[in-house]
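I opened these notes to record what I looked up about the ligand and the space around it. The entries below follow the order in which I checked things.

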Amino acid sequence: MSTVPRFVKACLAQPVDRIPVWIMRQAGRYLPEYRKLRGEYPFLTLCKTPALATEVTLQPLERFRMDAAILFSDILLLLEAMGVDLAFDEKVGPRLGRGESGEERVRSLSVPDPVQEMGYVLDAIRQIKGSIPEGCALIGFSGAPFTLATYLIEGGSSKDFYATKSFMYKEPAAFHRLMETLADALEAFLKAQIAAGVDAIQLFDTWAMILSPADYRELVLPHMQRLVAGVKHEGVPTIHFSLGTSTLLDAMDQMGTDVLSLDWKIDLGEARERLGPQKAVQGNLDPFALFQEPARLEESVLEILEKGSRWPGYVFNLGHGVHPKTPVENMRRLVEVVHSFPVPQAT
Ligand code: 1CP
């Protein structure tokens, strides 16, 4: 019997017995057990203590039969390892640096040795792999260079990305150098995660949505292609996450990841048609669909399943993270509906 998890098979566009499902932010604030632990420890302590990161990662698997777990961590921790001060403020969100200018933060970056600087992530991966249920895959992740560049340049979250766009347009050569440095650090970090045992990698490019197709192709795509090619060499599937990027779909198709994660603003059937049967897709239920009453939720899930599963290469997920107020019972129902769906090309 094959031991390749069905989630990995679906990422590689191979036939599966059931549609695999996992949910972005499945370990998070909608779960009372996460809120309890979060009441006892600051967020960064959860991320940096392998036993706690392991516990949080595995919490949803005790309730639901997810086909994959995602390592509990954050995309911004790599910037800290690159030499930038990081703090999470309950009200304003992440803060990077200690009041320096964006340019000073960019200049101060170094490419870290992940074993030295991110050892707590690698230890968590090894611990999770030791206790994850049979057949359940572990997803490692990082931010994508562009999204990390926005946090670095802005010093945190932003509404209009004024500093990022000014930098990009005024100093394109320096911007390319920054993207190269970030991609180098990411490649080493992702390879270390793979060596520690993750079964797949997801790259989060949350803010790619602010770019025109031409700027995406010029400033982001070449760096993504180099990064993805470097990681691909290691033999685990790669997933690209973005949202609000249906205008960038053709460019993103050229990046080389095995899977594209899509949000609800694009019709899943149309996306599969445009991308063709070789490219696996993940998504794309609106997270707020989980607030519907059960019969309506079931209909919404089935509609997505029918559109996604017309060819092999489909992973059920939401288009973005699960909302903290989501009823836990509805998550259970969603997973049951996905797993009882008869796959047209079942193995
Ligand atoms: O108080 C808390 O509990 C902290 C909330 C929180 C959590 C649970 C943050 C702060 N990060 C995380 C975990 C996290 N972040 C994971 C773990 C795995 C999972 O459960 O899915 C992952 C994959 C991320 C990735 C991440 N962090 C992204 C990309 C995905 C996305 O949601 O778009 C981004 C943009 C971040 C930055 C970040 N982390 C946290 C905050 C508040 C922010 C800023 C978001 C913003 O700028 O609006």
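Working from a predicted model, I began with Arg38, where a polar side-chain atom lies 2.8 Å from an oxygen atom of the ligand. I then looked up Tyr34, whose side chain places an N or O atom 2.6 Å from a ligand oxygen, and His320, for which the corresponding distance, again from a side-chain N or O atom to an oxygen of the ligand, is 2.9 Å. I also checked the burial of the ligand, which taken alone exposes 900 Å², and found that the protein buries 83% of that area.

I found 19 residues surrounding the ligand, and the closest are Tyr34, Asp74, Tyr151, Ser157 and Thr206. Sorting this shell by class, I noted 12 nonpolar, four polar and three charged residues.

Which space does the ligand take? I found that the ligand takes the space of the largest pocket, for which I noted a volume of about 1600 Å³. The lining of this pocket comprises 42 residues, and those closest to its centre are Arg25, Arg29, Phe43, Asp74 and Phe88. By class, I recorded 25 nonpolar, nine polar and eight charged residues in the lining of the largest pocket.

Which elements each supply at least two residues of the lining of the largest pocket? I listed α2 (32-40), α3 (43-48), β2 (86-89), β3 (93-96) and α9 (145-154), and I noted that α2 provides the largest share, three residues.

How values were computed. Residues are numbered from 1 along each chain as its sequence is written. This is a predicted model: local features need pLDDT of at least 70, side-chain atom pairs count only at pLDDT 80 or more; totals for chains, interfaces and linings use all residues. Side-chain values use heavy atoms; hydrogens and water are left out. A residue is near a molecule or strand if one of its heavy atoms lies within 4 Å of it. A polar contact is a pair of N or O atoms within 3.5 Å; within protein, one must be able to donate a hydrogen and the other to accept it, and residues adjacent in sequence count only if both atoms are side-chain atoms. Accessible areas come from the Shrake-Rupley method with a 1.4 Å probe; for residues, only the protein chains shown count as cover. On a 1 Å grid over the protein atoms alone, a cavity is a set of points where a 1.4 Å probe fits but cannot get out, and a pocket is an open set with protein on both sides within 12 Å along at least five of seven lines; lining residues have an atom within 4 Å of a point. A molecule sits in a cavity or pocket if more than half of its atoms lie within 2 Å of its grid points. Ala, Val, Leu, Ile, Met, Phe, Trp, Tyr, Cys and Pro count as nonpolar, Asp, Glu, Lys and Arg as charged, and the others, Gly among them, as polar. Grid points are joined across faces, edges and corners, and a volume is the space filled by probe spheres set on the points. Helices (H or I, at least four residues) and strands (E, at least two) are DSSP runs, numbered from the N terminus.
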